[in-house]
Amino acid sequence: MTCTNAKVNAWVDEAVRLCQPDKVVWIDGSKDESRRLCQKLVDDGTFTPLNEKEYPNSFWSRSDASDVARVEGRTYICSKSPDDAGPTNNWIDPDEMRTKLHSLFEGSMKGRTMYVVPYLMGPDGSPFSKVGFELTDSAYVVENMRIMARIGEVALKNLPDDSEDFVKGMHGIGSLDPEERYICHYPDTQEIFSFNTNYGGNALQGKKCFALRIASTQAKREGWLAEHMLILGITNPQGEKHYVCAAFPSACGKTNLAMLVPPKAFLDAGWKVETVGDDIAWLNFGEDGRLYAINPEAGFFGVAPGTSEKTNPNALAATKGNTIFTNTALDLDTMTPWWERMTPEPPKHLRDWHGNDWSPESGEKAAHPNSRFTAPASQCPCISGEFESPRGVPISAIIFGGRRAKTAPLIYEARDWQHGTFVGVTMASEATAAAIGAVGQLKRDPMAMRPFIGYHAGDYFQHWLDMGAKGGKNMPKVFHVNWFRTDENGNFIWPGFGENMRVLEWVLGRVKGDAHAEETPLGFQPTAQDLNTDGLGISEETVAKLLQISTDDWKEEIDSQKDFLKGIGDKLPQQMWDEHERLKTRLGL
C-alpha cells in the first residue's frame, strides 16, 4: 500500500526519526493483515483466543490495572491560550507540552514496530467524513482501531494528494506510568498525542480524541456539530420513519437506547427501531436546511457489565464474533467472556480481569466495572440500512438525559432551540465508572460533552445558538429524559430498557404535532394519560410521580445551575442567563 500524500509521508518520516522503531508497517486494512497481527498478540500473551464456535475470531484481553478508563486529569487541550481551552479543560502551554512529549517519544519505539494506521471517520465517500492517522507501537490498538474505524486503503482513497486536512496522531505504550500519562490535543494544528496508556478511550485516537475533542473544533470552524450522541431510527406502524439523536454521559444507557428492542405489543403493531450509531454523531446541514447525522465510527466500544439478553440483546448479538473483550472475566470451562449481570449466576470457573481465579466469596467484581467489548457495528441485528449513507440521516429530535435519582422528571420538551440549548447546557448526571473519579457524585455535564469539548465551553454553547439561528424552523425539537428516578427505597420507578419506546412514541408524536402536552415550568410534558402504558402494569399514579416536579428539589437545582453557569465565566452567552432566570420565575423561586 502506498500513500501518495507528500504531507503525510513527510510527517511519518519525522515521527520515525523521533521514535526510532526497528520496523515501520503501513496498515492496509486487509483480513490477512488482521490474522497476522491477532496471532502476534496471541503469541505475546496479550490476546487469549475465545471459543471459536461461540465467538469466532474473538479474543479476551486484560489491561494494566492502572489503565482501565479515561483519565480526565491527564487529558489536555494545548491551544494557543488558556482562554481558548476554557474552564472545563486542562490547559498546558503547547510549546511546553511539545517539549515534554518530544522527550517521551524520543527513542520510545526502539526494538518495536511502528504501525501507521490511516483511518476514515465516517462513511466512504461522504462529504462529511474526515481522515486521520495514528502512529502506534501497539498491535492491540491497531486491532481495536480496525473495528472502530474504516482503516487502511479506504482512508487513503478519501484523502486527496494535495490535502492538508487530516488529523495527525501519535500513540506510545511507554511504561504505562500513570504519573507520566498524557492525552494531548492540539486543536490549532489538528494533532493528538497519547503516551503511557493502552486503554481504548485514551489510545484509540479516532474515538473521543478525534471524533469529539478535535472534531468539535473543526465543527465550530466549519459550521457543524460533533456530539456525544447516539443516532436511532424509528419507524411507526404507518411506515413513517424519524431519526433521533440522544446525548447521555458514558455508562448511562446510551448503547441500550441505541439498540432498543420495543415491547412485543409495539413490535406486533408494526413499530421498528434501527441503530445508526451508539456513541457519536456528526451533524451537518443538508441541502434542505435540516440537520443530517452520520456516525463517524464503524464499531461499538461498549461497557460490558450490565449488558445482557434482558437489557440489550442486540449488543450481545453484535459481539458474537470478530470482537475484542477487554477486562471482562473469562469462563475457563467454555472459553467465553463473562461479566456481572450477564447471567443470573456466575460460571463456576472464572478468571477475573486481573488474571486470577475468581469466586463469589472474593467480594470483588470478576469483570472491571468499565470493562469493554469492541465489536463491528455491521454485526448488530438492528443496524440501519442508512449506516453507510454518505449524506447521513435527517434528525427530527435531540434528547438529553442524565442519571438523576430525583429532580428531573421522566420526560419534558424544551420550548424552542434556545431553551433546548439551555436544557443541554445544564444537564447533570451522577458519575459512573467510565472515568476515574467518585462514583455517584453529581456532575454538570453539558450536552454530555464536558470531557470532550475541544475548546472554551462558553464558545461551544454559543456555537449551538448560532447553529439554531442558521437552521431556524428546520432545527430538531429538543427533549430531556430521566430513566433513573428512584422511590424512597432507592429502586428505579420506571422499568427502562425496551419500555423506553413508550416515551419515544410521545416524542415522535410531538415531532409530528399530534401528541398532547401540558405547559409546565420545565417546558412541555405529557400527562400520565398521554403516555401509552398498556400492558406495562404500572399505575397512572406511578406515572404521575415520574412526571412530577418538586419545587424543593428544583430550588436546589437552580442554585447548582447558577454555580455552574458562573464557572463558565464571561464567555457564557447571555441567553443562558436569560433562560436560567425564566426557569426560576416559572418555578416561583
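Two strands are taken to pair if DSSP finds at least two bridges between them, where helices (H or I, at least four residues) and strands (E, at least two) are DSSP runs numbered from the N terminus. The structure is a predicted model, in which local features need pLDDT of at least 70 and side-chain atom pairs count only at pLDDT 80 or more, while totals for chains, interfaces and linings use all residues. Residues are numbered from 1 along each chain as its sequence is written, and side-chain values use heavy atoms, with hydrogens and water left out.

**Figure A. The whole chain, as a setting for the close-ups.** The chain has 17 helices and 31 strands. Its radius of gyration (taken over C-alpha atoms) is 23 Å, close to the 25 Å that the globule rule (2.2 Å times the number of residues to the power 0.38) gives for 589 residues, so the chain is as compact as a globular protein of that length. Along the principal axes, the C-alpha trace spans about 70 × 55 × 45 Å. Of the 589 residues, 60% count as buried, a class that means under 20% relative accessible area, against over 50% for exposed and values in between for partly exposed (1.4 Å probe, protein chains only). The accessible surface, from the Shrake-Rupley method with a 1.4 Å probe, comes to about 22600 Å², of which 47% belongs to carbon and sulfur atoms. Among contacts (heavy atoms within 4.5 Å) between residues at least 6 apart in sequence, 73% join residues at least 24 apart. The chain carries 62 positive and 81 negative side chains, and the centres of the two sets lie 1 Å apart; here Lys and Arg count as positive and Asp and Glu as negative, with His and the chain ends not counted, and each charge is placed at NZ of Lys, CZ of Arg, CG of Asp or CD of Glu.

**Figure B. The five-stranded mixed sheet that contains β18 and β24.** In this open sheet the strands follow the order β2-β3-β19-β24-β18, and the pairing is mixed. β2 (48–49) and β18 (299–303) stand at the edges with a single partner strand each, so one side of each is left without a neighbour in the sheet. The partner of β18 shown here is β24 (residues 372–376), which runs antiparallel to β18 and is joined to it by five bridges. Within that pairing, G299 has P376 of β24 as its bridge partner.

**Figure C. S371, in the loop between β23 and β24.** S371 is buried, with a relative accessible area of 0%. Leaving aside residues up to four places away in sequence, S371 touches G302, V303, A304 and P305, and also T326, N327 and T328.

**Figure D. β14 and the strands that it pairs with.** Strand β14 (residues 241–247) is mostly covered, six of its seven residues being buried. Strand β13 (residues 230–235) runs antiparallel to β14 and is joined to it by six bridges, and T235 has K241 of β14 as its bridge partner. Five residues lie between the strands in this hairpin of β13 and β14, where G239 takes a positive phi near 85 degrees. With strand β25 (residues 393–401), β14 forms five bridges in a parallel arrangement, and A246 stands opposite I399 of β25.

**Figure E. Helix α5 and its cover.** In helix α5 (residues 139–148), 10 of the 10 residues are buried, so the helix is largely enclosed by the rest of the structure. Among these buried residues are the charged side chains E143 and R146, along with Y140, N144 and M148.

**Figure F. The four-stranded antiparallel sheet around β20 and β22.** The strands of this open sheet follow the order β21-β20-β22-β23. Its edge strands are β21 (336–338) and β23 (357–358), each of which pairs on one side only. Two bridges join β23 to the antiparallel strand β22 (residues 350–351), and L350 stands opposite W358 in β23.

**Figure G. Q20 and R341, two loop residues with positive phi.** Q20 is found in the loop between α1 (6–19) and β1 (23–26), and has a positive phi of about 55 degrees although it is not a glycine. Q20 is partly exposed, with a relative accessible area of 31%. R341, in the loop between β21 and β22, has a positive phi of about 70 degrees and is likewise not a glycine. R341 is exposed, with a relative accessible area of 55%.
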